[in-house]
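Dear colleague,

I am passing on a structure that I would like you to look through, and below it you will find notes on what came out of it. Please keep the structure open beside the text while you read.

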Amino acid sequence: MGLSISAPSPADDVIALEDAFPEFHQGIERVLRDARGQGAVVPENAVTVFEAPSDGLVIKVAVQIEGELIAGIEYDGETTRAERAVLQQLSAFANGATVREFVEHGLTFVVERLRDPAMPRPVDGILSPRNAGPCFQRPRLLIKALRAAYLSQHGDFAGDNIFDRPYSERWLAMGNTEKQNRLETLIQAFREQVGLDEAAMAVFEIDQYDRVVVIFGPEVGVWDKPTHLLGLERWLRRQTGERIEVFVEIAKDSNRIRRL
Amino acid sequence: MTGMTDHTDLILDGTKIAWHQDRISAWERGERIAPITIDMSLTRACNYACHFCYAMLQENERQVINKKAIFEFLDDCAEIGVKGISFVSDGESTISPVFVDAVKHGHSLGLSMAVGTNGFVLNRRKLEEVLPALTYLRINISAGERERYAEIMGVKEHWFDRVCQNIRDMAEIKAQNNLDVTIGMQMVLMPEYADQIMPLARLGKELRPDYLVIKHCSDDEDGTLGVDYAGYKDLYDSLHEAEALSDESYSVQVKWSKIAAEGTRSYQRCYGAPFMLQMSGSGLVAPCGMLFNERYKKFHIGNICEERFRDIFASDRYWEIMNYLASPEFNAQKMCGSLCLQHKVNEFLDGYQKDEYDLPTLPAAQPMHLNFI
Ligand code: SF4
């Protein structure tokens with residue numbers, strides 16, 4: 001799985017990332033660096049290849065019909081450097097994805113992946129591929145064209161529209177104790193960063209789905225709790241690369257007559 | 001799936017979000033949009049103990065919404081561009097001492113106001129005050145017979161008679177004063193209440209509200225209420241039979257799309273919350289009712305008993321949470337309970353965001369209750 005762009009962008013080194021908001025520059029440069037040396041990827045024995053053109057770009061997707069899994073992707077056409085990074089990240093997302101998952105969620109993932117989390121989002125409201133900047137627009141139309149091409153041949157996507165990839169194979173292969181130790185070490189590091197001791201934010205439970213449940217001490221202000229919870233969750237996700245969720249203990253109904 | 005229907009009178013099983021294209025466009029441009037509809041309660045308390053009540057799962061740190069807090073909240077809503085406020089959510093708003101004043105104040109500000117209630121305390125005097133200020137009033141009533149009403153709704157049998165009388169009064173006051181308000185009855189259906197579908201449909205025909213709607217019961221992601229979604233299939237015949245009791249001024253409607261979904265969602269991101277916000281009767285502002293419980297504290301944004309709503313709405317925290325729900329950090333299929341209030345709005349926006357369709361050209365006639373999407 002990888003990326004092939006047959007007509008590379010002109011004068012790569014001198015062109016600035018004019019079509020990308022500054023919040024994406026670092027991510028784009030990182031992806032372009034990592035992408036060097038990758039070659040064509042559509043396997044010759046792929047069962048079916050779908051091709052869709054849009055606005056000077058062409059996408060070719062090889063699909064193993066069994067399970068609709070993407071086996072490879074190629075792009076043709078002249079791109080800016082930023083667009084190339086977007087397409088490169090799309091290919092990375094396609095790894096292990098079905099066609100439906102790719103066309104429906106790929107770009108949303110790419111926006112998040114390329115965005116610098118240390119900077120505020122480039123829009124005040126909800127960030128999406130539609131408003132994330134010019135470099136996302138041609139890829140978006142390309143994906144739209146691919147969806148149309150695929151559906152015109154297939155009628156519909158196969159299987160249920162249910163996708164979830166919370167944990168990697170590597171994480172799932174780890175023993176419970178190892179996972180818990182790793183999480184607890186990271187939670188301790190987070191507490192140190194934000195200046196909380198164990199009594200202020202203690203681990204109540206790490207459940208069978210690796211969801212972390214914490215309890216707060218009385219010294220933590222009510223409106224500091226959401227910030228710490230989201231902060232901890234993001235920290236755990238960044239450090240582990242896994243979609244760990246963080247909660248506090250459930251509150252029971254305190255109405256007098258109504259009780260579960 | 002746009003969720004739009006041909007029914008331009010009263011849409012009970014669909015969404016009216018497509019009629020708010022200016023707000024969708026602003027959202028698409030990344031602007032901070034005010035919710036079109038806010039569903040809230042004036043209290044977490046309730047005088048009933050319904051067997052199916054989702055509010056049991058929504059406990060959070062309680063505060064009291066007093067007159068100052070609710071008036072300022074309504075003022076802020078009008079100022080930032082909210083269009084409709086429904087008092088439904090996680091408590092019985094009619095037992096709050098600020099209920100009547102809140103409805104009238106919201107209406108005087110130009111907001112569309114609505115109420116979902118068990119109807120027990122809404123006597124004639126109160127009804128005469130609030131009905132002229134309401135777009136709709138909906139009574140939760142999940143049985144058509146006294147005994148079963150008492151069992152399912154956790155109250156004494158004679159309460160049923162009082163609620164029926166109150167519904168009669170509503171229909172009468174509406175007719176006498178030629179009011180615009182829509183009077184509805186709502187059955188939250190669990191498969192084990194199947195025996196009450198027809199008695200309730202017949203009761204409605206006798207009491208003469210404008211409609212009876214029959215909807216699924218929501219559950220949390222761990223299935224705490226134990227709703228048997230597969231069991232709804234066996235009720236389809238009764239539900240069709242109930243719908244057949246509709247006449248020219250009484251409509252029985254089943255929320256088929258949610259019942260047939262068997263509790264599943266077709267989308268992963270949640271885009272609906274900024275368009276349709278929910279607030280708890282504790283004053284808590286959270287994206288939606290399914291996230292009210294303390295367990296979901298990370299999604300809690302503010303409280304109108306402590307801070308002005310316009311400031312909560314303008315805060316980075318509000319938009320941080322809304323962005324979280326719209327990002328790959330979140331998966332509604334795994335992290336939410338079954339079919340929330342925002343479900344149809346979510347479906348529409350999800351399809352649009354994925355480029356499944358463009359914004360539709362709208363029919364000339366607008367549906368009723370447009371500000372309750
Ligand atoms: S999809 Fe989930 S987060 Fe969004 S409104 Fe529904 S229950 Fe709440």
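Helix 13 of chain B is followed by B:D355, a residue whose phi is positive, near 65 degrees; helices here are DSSP runs of H or I with at least four residues, strands are runs of E with at least two, and both are numbered from the N terminus. Before going further, please note that this is a predicted model, in which local features need pLDDT of at least 70 and side-chain atom pairs count only at pLDDT 80 or more, while totals for chains, interfaces and linings use all residues. Residues are numbered from 1 along each chain as its sequence is written, chains are lettered from A and ligands numbered from 1 in the order in which they are written, and side-chain values use heavy atoms, with hydrogens and water left out.

Helix 13 itself spans residues 343–353 of chain B, and because 11 of its 11 residues are buried, it is largely enclosed by the rest of the structure. Buried means under 20% relative accessible area, exposed means over 50%, and partly exposed lies in between, with a 1.4 Å probe and protein chains only. Among the buried residues of this helix are B:H343, B:F348, B:D350 and B:Y352. What covers them includes helix 1 (21–28), helix 9 (256–260) and strand 8 (276–279) of chain B, where contact means heavy atoms within 4.5 Å.

One residue of helix 9 of chain B is B:A260, which is partly exposed, with a relative accessible area of 46%. The C-alpha atoms of B:A260 and B:N166 are separated by 33 Å, and the two residues are 94 apart along the chain.

Side chains of opposite charge can pair when their charged atoms come close. The term salt bridge is used for a side-chain nitrogen of Lys or Arg within 4 Å of a carboxyl oxygen of Asp or Glu, and a search of the whole structure finds 44 of them over all chains.

Which residue does B:D355 meet in a salt bridge? The partner is A:R130, at 3.1 Å from N to O, and the pair crosses between chains, from the segment after helix 13 of chain B to the loop between helix 3 and helix 4 of chain A. B:D355 is buried, with a relative accessible area of 9%, and A:R130 also counts as buried, at 13%.

A salt bridge also joins A:R121 and B:E320, whose closest N and O atoms are 3.3 Å apart. This pair crosses between chains as well, from the loop between helix 3 (99–114) and helix 4 (137–154) of chain A to helix 11 (residues 316–325) of chain B.

Within chain B, B:K104 forms a salt bridge with B:E129, the closest N and O atoms being 2.6 Å apart. B:K104 lies in helix 3 (residues 99–108) and B:E129 in helix 4 (residues 124–130) of chain B, so the pair ties together parts that are 25 residues apart in sequence. Both are partly exposed, B:K104 at 36% relative accessibility and B:E129 at 31%.

Finally, a network of salt bridges links A:R100, A:E104, A:R147, B:D350, B:K354 and B:E356.

With best wishes
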